[in-house]
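Here is a short report on one protein model.

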Amino acid sequence: MIRFAAAGFAALSLCSAAFADARVSYFAVPSGAHPHDVAAAPDGTVWYTAQHHGALGVLDPATGKVEQISLGKGAAPHGVIVGPDRAAWITEGGQNAIARFDPKTREVKLFPLPKGFENANLNTATFDKNGTLWFTGQSGVYGRVDPASGKVDAWKAPKGYGPYGIATTPSGEVWYASLAGDHIARIDTATGNVTVVDPPKPNVGPRRIWSDSKGLLWVSFWHSGELARYDPAARTWKTWMLPRSRSGCYSVFVDDKDKVWVTDFIANAILRFDPASEKFESFPSDKRGAAVRQMLGRPGEAWGAESGTDRLVVVKD
């Protein structure tokens, strides 16, 4: 057991457990933060969105120190990713804007959505190969931000409510998943037009999406409890049921070794899937109701945010 002090809070604790060839560690964040999304920052720290505190959190895994930076009045951040500029880019639903946090100057800059796209319920973001940020909003919105000019464009989603996870493939294609719309879609980054791809069966609820190194798309099916793979070249799907659950597949993330990570809300676990063996490995939380909503990582580390326990979790190879 290692003790540490979070900035401005009482001493907290960090626990580790061993599972097969991996180690699981937990880092407490301020009570009530409800950490939603997480991103491993370039300087070795880890960013997270403290959704209920309206802040961007910064964890130093080496010391356990936690700091939270306010994003403004009424803020309720959802997603956070690392930009090509090494800044934190945040889908800030409370202020209906994309937020940028500069870790050097500590400045928070907002890029509000255009008129007509109020209450977008901003969700997730990704950068394309040209450095443009693309984002989703669950109220039926997708759009982009040009960081150079600050210009923000937005479009109504073709099937209305539901755009959720979003990702960029190695070739530069941008795809999003629509939970309520029950489909995935490719965005033409030149025109903003969308091509819809239906899942292999109805009512599966695609929630998050990620690309592997070959450009294959991995999708979490929330309603049916499946991990799915879509091959854009062959236009074919393949699915795998979660080992223990028939619903509740939330997050999906593909690491640098093309291992696929998903979260299983029903089993209260993080799962690692090996596409070669088609087998899952489970890393259950040591607390009830972990609710890991999103995962990202860096080589050798897969990070998630336990929104239900106010902790960050990392699985290390």
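Predicted model: local features only at pLDDT ≥ 70, side-chain atom pairs only at ≥ 80, totals over all residues.

Strands here are DSSP runs of type E with at least two residues, and helices are runs of H or I with at least four; both are numbered from the N terminus. S28 covers residues 292-298, and S29 covers residues 301-306. The two strands pair antiparallel over five bridges. Pairing requires that DSSP finds at least two bridges between two strands.

Two residues separate S28 from S29 in this hairpin. Gly-300 sits in the turn and has a positive phi of about 85°. S28 is mostly covered, with five of its seven residues buried. Buried means under 20% relative accessible area, exposed means over 50%, and partly exposed lies in between (1.4 Å probe, protein chains only).

## Strand S13 and its two partners

S13 spans residues 133-137, and five of its five residues are buried. In a regular strand, side chains alternate between the two faces of the sheet. Leu-133, Phe-135 and Gly-137 point one way from S13, while Trp-134 and Thr-136 point the other way.

S13 pairs antiparallel with S12 (residues 122-127) over four bridges. Phe-127 stands opposite Leu-133 there. Five residues lie between S12 and S13 in their hairpin, where Gly-131 has a positive phi near 85°. S13 also runs antiparallel to S14 (residues 141-145), joined by five bridges. Gly-137 stands opposite Val-141 in S14. That hairpin has three residues between the strands, and Gly-140 takes a positive phi near 110°.

## The whole chain

How many helices and strands are in the protein chain? There are zero helices and 30 strands. Of the 317 residues, 56% count as buried. The C-alpha atoms fill a box of roughly 50 × 45 × 30 Å along the principal axes.

## Basis of the values

Residues are numbered from 1 along each chain as its sequence is written, and side-chain values use heavy atoms, leaving out hydrogens and water. Local features need pLDDT of at least 70, side-chain atom pairs count only at pLDDT 80 or more, and totals for chains, interfaces and linings use all residues.
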